[in-house]
Amino acid sequence: TYEYYADFYAKKYEYIGEWEIAIRGYVTFFIALATILSNIVLVSVFVFRSSRTSTTIVLTSLAISDSIICLTRLPEAVYFNMAGNYKNLYITYPWCIATHVLYVIYQVFRMTSNWLTALLGVQRLVAIALPFKHGKLFNSRASCVEIAVIVAVSVLLNLYEALGIYISELPIYKTWYYNETLPSSCTREVSLGLVSAFGDPTKSNTLFFIFSGLLYRVLPVLILIFTTVMLAYFLYKRQKMRTSNTEEKKKQIQRMTILIFLILVVFLIAEIQDGIAYFIYAAELSQDKKRQILSKEDDIRWDTISSMLSLISYACNFWIFFLMSQQFRSALLDIFKSGFRKAHIYFNLDESDEESVSNTPNTSLTSKNEKSTFV
């Protein structure tokens with residue numbers, strides 16, 4: 001149908017140009033799927049072929065968080081963009097609920113990934129600048145507690161948006177007589193519980209945006225800028241120092257520092273534009289000039305590009321380790337070899353079982369020719 005009738009305007013999938021559909025669809029799908037698969041390999045190496053240190057614990061948690069973010073992007077990529085449902089006149093009610101839930105999960109784990117990356121930078125900086133205090137401040141138990149606190153704060157902060165939006169079902173009709181129904185859509189409004197708890201929803205939304213933006217976008221980026229600059233300084237300083245060939249441990253620390261530094265740089269390239277967008281929105285809210293600096297169309301385009309940059313940054317972690325770390329490649333090869341070895345043993349066992357069954361004497365069914373083949 002090309003028209004519908006309802007009491008309110010139904011929610012529609014928003015995009016500006018067809019190029020966004022290609023990015024949100026096939027490009028997002030393949031990058032997200034490749035990131036999930038590569039992170040599974042990354043976690044396998046860290047869990048089964050690496051010693052449990054504070055750095056590997058944070059890197060494992062970061063890979064899991066990034067994978068969950070990518071999982072939340074797959075349904076939209078497949079249903080709306082790849083399947084062509086972005087052309088529909090409105091979003092159906094079940095997909096209104098699904099997109100809201102996926103968005104909240106995406107926000108929770110994106111904030112988690114931001115702070116895990118910041119924690120990674122701080123850990124590495126302390127290991128280089130204060131090596132004797134690093135073991136006390138960032139041991140395995142302390143790292144697990146810090147990760148748990150980051151996840152808990154991310155969940156609590158996003159409960160405001162998760163529970164503060166009430167999605168109601170909107171009946172859709174084919175004719176203006178309201179006698180032929182179509183699949184229902186939805187309307188989004190502030191929940192009554194949020195109004196009773198915080199009062200004026202406009203003020204509470206503004207305060208939430210400012211507070212969550214500082215905690216979610218600005219502070220992690222500032223910490224990462226500081227740690228990245230300091231790590232670059234220490235790397236430059238240590239390159240001028242002469243080290244003997246026997247100092248293998250120092251070389252390993254140097255290589256790990258370079259790896260972490262590259263991860264931080266890639267993350268900053270993707271996330272710093274999100275901080276710029278935050279300050280633009282904050283300026284509009286403070287001046288009560290919504291959409292005066294950044295129009296709705298520009299906002300949609302910006303969101304498409306920034307989401308893609310973030311997705312690419314999540315995919316880079318595996319390749320940074322693969323290209324820069326000989327130990328990682330050796331551990332990865334060892335995992336594949338052990339997997340092939342186990343599979344080979346498994347199939348050989350199956351074949352031997354089949355042969356043992358087939359070699360069981362059965363005089364009533366086995367002919368002379370068949371018996372001669374077993375001799």
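**A residue and its surroundings**

Modeller: Thr55 lies in helix H2. Helices (H or I, at least four residues) and strands (E, at least two) are DSSP runs, numbered from the N terminus. The model is predicted, so local features need pLDDT of at least 70 and side-chain atom pairs count only at pLDDT 80 or more, while totals for chains, interfaces and linings use all residues. Residues are numbered from 1 along each chain as its sequence is written, and side-chain values use heavy atoms, with hydrogens and water left out.

Thr55 counts as buried because its relative accessibility is 8%. Buried means under 20% relative accessible area, exposed over 50%, and partly exposed in between (1.4 Å probe, protein chains only). Leave aside neighbours within four places in sequence, and Thr55 is in contact with Leu120, Gln123, Arg124, Met256 and Ile260. Contact means heavy atoms within 4.5 Å.

Next, the packing of H2. H1 and H2 pack at about 155 degrees, with their axes 8 Å apart. Axes are lines fitted to C-alpha atoms, for helices over the stretch in contact, and angles run from 0 to 180 degrees between N-to-C directions. H1 and H2 are therefore roughly antiparallel, the term for angles over 145 degrees; under 35 counts as roughly parallel, 65 to 115 as roughly perpendicular and the rest as oblique. The crossing of H1 and H2 is left-handed: the near helix is turned anticlockwise from the far one by less than a right angle, and clockwise would be right-handed.

Now the core. The largest nonpolar core has 43 residues, and Leu42, Leu59, Phe321 and Phe328 touch the most other members. A nonpolar core is a set of buried Ala, Val, Leu, Ile, Met, Phe, Trp, Tyr and Cys residues joined through side-chain atoms within 4.5 Å. Elements giving two or more residues to this core include H1 (18-48), H2 (54-82) and H3 (93-129). H3 supplies the largest share, nine residues. Leu59 touches Phe46, Leu120, Ile260, Ile263 and Phe321, not counting residues up to four places away in sequence. Another core, of 11 residues, lies apart from the largest one; Ala32, Ile69, Cys70 and Tyr314 are among its members.

Last, the whole chain. The protein chain has 11 helices and two strands. From the N terminus on, the elements run α-α-α-α-α-β-β-α-α-α-α-α-α. Buried residues make up 39% of its 375 residues. Among contacts between residues at least 6 apart in sequence, 77% join residues at least 24 apart.
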